[in-house]
Amino acid sequence: MATTTAQLILTSTDLLSDSLSLSSIATLTTAGSSTGLTGTEGLGRKKTSSTTEYTLFDASAATDDKAHKIYLKNLSTTASEYFEIQVGGVVIGRIYAGDWAFFPWSADTTGTNCDIDITPSATNMTLEYMLFTDE
Amino acid sequence: MATTATLTLASTDIAGDPVNVSKVATLTKAGSTNDLDQSTGLNRVHLRSTSNKVLLAANAEGDNLAAKVYIINKSDDASLYVTVTINAQTIGKLYGGDFLFIPWSQTDTDADIEVAATNWTSSTGDIPVEYALFHEDTDFLTNA
């Protein structure tokens, strides 16, 4: 069993009238257990050459309805450039330059395939990504 | 007015070489370097329903503006999970202790973020969920 942790720290000294300092640590485990996730596709980068939609992760290639986790980061340094993220054809949001996202993935294939698709706003952008799998 | 979000992914044994990814993002308005300047603050609800409940109601004025959402399942029970959906599409399940941090475009007023304590029963107890929204538009409404 592997041990993988994800830690999020949110901080701000001036967004609110009191300082914000929030820290959460999660140990990535298989669905419904305390057993650590053992699969990963490693840290990868995708360079895009057009503004068309790309399928980053195909739900049919992953076990349905488990505890997969996804990390995405837009490596652009141009503030206006973003990747639009879709899950199962539904737009979740945009990660602008420097933004990252971390979320669970059901990889559901009942009905609509819950693929992870990305659409870059400009040509020649780079997305960093990592998938932790529960197989 | 900078707010930063730092993610660290670490493992010594999930792969042949250690994983140690640490990234810092400064939360900014869409397409700019201006900081996000609004937040709901940290909220807490106790789920005791297997049906979807609106955690954050979409506002069409938020369409493609920058918003970031943090949600964590604070249950100590690893088997109790919260199913997260956006615009009726299941994103994934947050098991006890799991969190997410995602952008939220609110492409239309149907793009609510909903949660359900899918495997909750009267004997499992409530599932505490904490969440926060960081955003930029002017008249955002939340509904917990």
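**Close-ups of a predicted two-chain model**

**View 1. Chain B is built from strands.** Chain B has eleven strands and zero helices, where both kinds of element are DSSP runs numbered from the N terminus (helices: H or I, at least four residues; strands: E, at least two). Along the sequence, the pattern reads β-β-β-β-β-β-β-β-β-β-β. Keep in mind that this is a predicted model, with local features needing pLDDT of at least 70 and side-chain atom pairs counting only at pLDDT 80 or more, while totals for chains, interfaces and linings use all residues. Residues are numbered from 1 along each chain as its sequence is written, and chains are lettered from A and ligands numbered from 1 in the order in which they are written.

**View 2. Chain B by the numbers.** The C-alpha trace of chain B spans about 45 × 40 × 25 Å along its principal axes. Of its 144 residues, 45% count as buried (20 or more other C-beta atoms within 10 Å of the residue's own, with C-beta atoms placed from the backbone). Take the contacts in chain B between residues at least 6 apart in sequence: 74% of them join residues at least 24 apart. A contact here is a pair of residues whose C-beta atoms, placed from the backbone, lie within 7 Å.

**View 3. Chain A meets chain B.** Here 55 residues of chain A are in contact with 54 residues of chain B. On the chain A side, β1 (4–12), β2 (20–27), β6 (68–74), β8 (90–96) and β9 (100–105) each supply at least two residues. β1(A) gives the most, with nine residues. Sorted by type, this side of chain A has 30 nonpolar, 20 polar and five charged residues (nonpolar: Ala, Val, Leu, Ile, Met, Phe, Trp, Tyr, Cys and Pro; charged: Asp, Glu, Lys and Arg; polar: the others, Gly among them).

View 4. β1(A) and β1(B), residues 3–11 of chain B, run antiparallel and are joined by nine bridges. Strands pair if DSSP finds at least two bridges between them. Zoom in on Gln7(A) and you'll find its bridge partner in β1(B), Thr8(B).

**View 5. An open sheet in chain A.** Four strands line up in the order β5-β10-β7-β8 (chain A), with antiparallel pairing. At the edges sit β5 (54–57) and β8 of chain A, each pairing on one side only. From one strand to the next, the twist averages 30° (axes are lines fitted to C-alpha atoms, and angles run from 0 to 180 degrees between N-to-C directions). Inside the sheet, β7 (residues 82–87) and β10 (residues 116–120) of chain A pair over five bridges in the antiparallel sense. Gln86(A) has Asp117(A) in β10(A) as its bridge partner.

Conventions:
Buried ≥ 20, exposed ≤ 12 C-beta atoms within 10 Å, placed from the backbone. Contact = placed C-beta atoms within 7 Å.
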